[in-house]
Amino acid sequence: MKRMGKVFLLMFMLAGLVLPAAAQGGGELKLPPYKKVKLQNGMTLLLMEQHEVPLVSFSAAIRAGAVSDPAGKEGIASMTSGLLRKGTKSRTADQLSAELDFIGGQLGAGAGTDSSNVSAEFVKKDLAKGLDLFADVMLSPIFPQDEVTKLLKQRLDGIKSAKDQAQGVIGQYYNSYLFGKHPYARPAGGDEGSLAAISRDDIVKFYESNYVPGNTILAVVGDFQTADMEKILTDKFSAWPAKAVTPLRVGDAPAAQGKRLLLVDKPDATQTFFRIGNVGIARTSPDRVGIEVVNTLFGGRFTSWLSTELRIKNGLTYGASSFFDERVGRGPFAISSFTPNATTERCIDLALEVLKRLHEQGISEAELKSAKAYIKGQFPPTIETSDQLAREIAELEFYGLDEREVNTFSAKIEAMTLADTKRIIQQYFPLDNLVFVLIGKASEIEPVAKKYAPKMDAKSISQPGF
Amino acid sequence: MKHVRKIVSFAVVALLCLGAAGSASAQNVEVKTHTLKNGMKILVQEDHSIPNVAFYVFYRIGSRNERPGTTGLSHFFEHMMFNGAKKFGFGEFDRVMEANGGSNNAYTSQNLTVYQDWFPRSALDLIFQLEADRIRDLSFDPKVIESERGVVRNERKVSVENNNFGILNEQLWATAYIAHPYQWPVVGWDVDIVNWKMEDLQNHFRMGYSPSNATMVVSGDVKLEEIVALAEKYIEPIPSHDPPPQVTTQEPEQQGERRVVVRKFAQLPILMVGYHVPQTNSPEFYPLQVLETILFTGQSSRLYQRLVDKDQLALFVAGGWDWSFDPTLFDFSVRPRAGIDPAKVEQVLYDELDRLQKGGITDQELEKAKNIRLAEFYRQMKTISGKSNIIGTYDVFFGDYHKLLNAAADYAKVSKEEVQRVAQKYFTEKNRTVATLIPEAPSPKAQDKK
């Protein structure tokens, strides 16, 4: 491979790690029209017809994610979503899987920091069956005790399994260390300690208080007639009893001050994986578009400054990038790369140099033009399919945004000036206040790690937690 | 010169074979074809749903065309294809493409090297210039080669050394194959990455990159006529030459189980089992596809049900077979749960295969597999990228993309008995290779240092 696939969180997170962006060059690319329906019980439906392929995609967002987990019991939101298809009032887990697979359907659920999400996709000819299964898992899960126990044990081993590969867990170590006591530090999937503390009652309680119509947005996109779909969904979901809810409001995490570093020892590592950054932006930040332009040039594409220096010119790594993970509150910003143990120092030094150069040199007119063209050219394939569109409109609704977000994007991109980029670099690309997380072979890289911050914390990958 | 053009409708074929598979508006996919004078085949799928294009070029060269000492060369070469040619120098391919709204990637397998460009249609002419430049006049700068060597060694480290599944998978293939080139990893052995020379790269270019050795697939907001016109202008003047020498080595029949063990620091063990099976264009293609679906796809699949759900011996199980030109492996990859002996998992896996061989599959399972395959087909057709990929893949592995159009009819012909017979034929003790990763504590020496 020339490079690895982007880190798509897909159905498991609403927070946009991969920033959707603009409209096409000449003509405006508009979001296709869709209908919004509010049911009497408070549930929001979004319906969009797409007739190119005989598929229908569902994307539901529930306004409760890992931040709603009680401290010490991290993983409840995630367990709840994982158990939806493990038994309902009328079907066992095996029956659900058998009926779903028989029609070649897909149905998955997961929890991110701010939301829980249920996604499904069915071939048009099996829509009635598919809808029945989808509504069943949303409305009537019973969380059988044996399935709860089974999934908890699987999740515990899943953490062990994940820790065998630094790449798969560095994001969680970074978030935990960066956010500290703020709820965004919590591992959405839980950890070795918190999972052991979760009972079936916790899960039932989480479901009953959060999976309620007023908390739920359901986007359906695909090969159907809107009027028919509206009627079917109204019939299916109107009986869901309304319930008062107070969605949790999480304040923004303060940015980290000064420098600190966490070294996670993985004794078999021949490469050091690292993240460097600070608290970034919320999904609704007014500077989101400008940040995307700057970040595209800094670390958001193959010819970005980071990739050019660390990979293309110096061969120190297979990949170097930077990203803003946008959430309801301010999510993480990070520079991310990996390099052999022996070149750890050179690689991190170079990444920091590139960051410094971004401040000192700024970006050129030609680069700004290039970034605008790139973002606009790469945008249409991100809203090409029914599942992408379902996710997109559910996400807009979730954040209180609407189709203007997409339809005016091109104009916003075009309006960006060099002066805007200077301000954005100053404001959002921290230079002196940085948090470092390294996973690697401590016996070889500890002396190097120490030089980046006055305070170094240390952990072993075998230790519980992140 | 006379051009060959064909127009075929997917929709009609698929609907005839699958009855109520979709509505009249469901699927109206046409593939148009053209062959250049230099032998490059072009397949075009016009889809105007978004103003973008997915441009794929499939070269029939991969690690199977390599030799000991220069393993991994096809993959390294794939990287060099982005490092400058005559008109567009070092770094320009990516810089110019991104500045015009495009992005790209590429991959190498045992069989193929595939280049992928995704861009707004306004960049179409430019993409042809970029692609033509690099297959006509690729440059070989020693300094660039050294830097890229570092990138590729890093890629090997991240995908093999620092990935226990990568380590074990490499051992599985190296053990299952003793003669055929599938025995070495696509990324190459590290020592070979360090040692290959400029002339190895130049020879590789001469061997694999004749236009006649490639299929170009373009899906998206284009018309066949404009693609042909651009290809005639930029690609057709590039002369053709001999294709890579035929890979004559055949893997001798395995005559007894082979086992390999990797011991290293890890949280959990891994078990992999591989059975030799035929290549993609074999008559057993469809029964093998059905077997793969029944064993692995979905939570109702046999192995998920038994290993993950009922006996709770494994965290996950995955597997199947890669599409290939030569006989390949049908493999099983299992992550045992903490505290579970991999030998126990292995035994239960064999119990399941035994049950399959003795009892066969049910009507329900066969129909399920066919439904899943149809849904997968639609999912691949959702994007211009998916279309380019599937059309090109069928074309190179079957020699003709029409096989894709007939897939529904071919699946309809698969019988339970055939699936059972194929399971009996290949899932035998003599034909299998077993690889196990056993966790080990870090060496005391390493701990002392700390």
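Author: A residue is buried if 20 or more other C-beta atoms lie within 10 Å of its own, exposed if 12 or fewer, and partly exposed in between, with C-beta atoms placed from the backbone. This is a predicted model, in which local features need pLDDT of at least 70 and side-chain atom pairs count only at pLDDT 80 or more, while totals for chains, interfaces and linings use all residues. Residues are numbered from 1 along each chain as its sequence is written, and chains are lettered from A and ligands numbered from 1 in the order in which they are written.

Reader: Why does S57(A) count as buried?

Author: S57(A) has 24 C-beta neighbours inside 10 Å, and the cut-off is 20 or more, so S57(A) is buried. S57(A) belongs to strand β3 (residues 55–62) of chain A; strands are DSSP runs of E with at least two residues, helices are runs of H or I with at least four, and both are numbered from the N terminus.

Reader: Which residues does S57(A) touch, leaving out those up to four places away in sequence?

Author: They are E121(A), V221(A), G222(A), S386(A), D387(A) and A390(A). Contact requires C-beta atoms, placed from the backbone, within 7 Å.

Reader: What makes a set of residues a nonpolar core?

Author: The members are buried Ala, Val, Leu, Ile, Met, Phe, Trp, Tyr and Cys residues joined through C-beta atoms within 7 Å. The largest such core has 259 residues, and Y173(A), V220(A), A351(A) and L307(B) have the most contacts inside it. Helix α5 (residues 166–179) of chain A gives the most to this core, with eight residues. Beyond four places in sequence, A351(A) touches I276(A), L306(A), L310(A), A320(A), I335(A) and S337(A).

Reader: How do you know that β8 (271–279) and β10 (332–340) of chain A pair?

Author: Pairing needs at least two DSSP bridges between the strands. β8 and β10 of chain A have nine bridges, in the antiparallel sense, so they pair. One residue of β10(A), A334(A), stands opposite G277(A).

Reader: In what order do the strands of that open sheet in chain A run?

Author: The order of the six strands is β9-β10-β8-β11-β7-β12, with mixed pairing.

Reader: What makes β9 (320–324) and β12 (455–460) of chain A edge strands?

Author: Each of them pairs on one side only.

Reader: Which strands does helix α9 (residues 288–300) of chain A lie across?

Author: α9(A) lies across β9 and β10 of chain A, at about 160° to β9(A). Helix α10 (residues 305–313) of chain A lies across β9 and β10 of chain A too, at about 155° to β9(A). Axes are lines fitted to C-alpha atoms, for helices over the stretch in contact, and angles run from 0 to 180 degrees between N-to-C directions.

Reader: Why is α2(B) called oblique to α5(B)?

Author: The axes of α2 (residues 73–80) and α5 (residues 142–161) of chain B come within 10 Å and cross at roughly 120°. Angles under 35 degrees count as roughly parallel, over 145 as roughly antiparallel, 65 to 115 as roughly perpendicular and the rest as oblique. The crossing falls in the rest, so α2(B) is oblique to α5(B). F76(B), H79(B) and M80(B) of α2(B) make the contact with E148(B), V151(B) and V152(B) of α5(B).

Notes. Contact = placed C-beta atoms within 7 Å.
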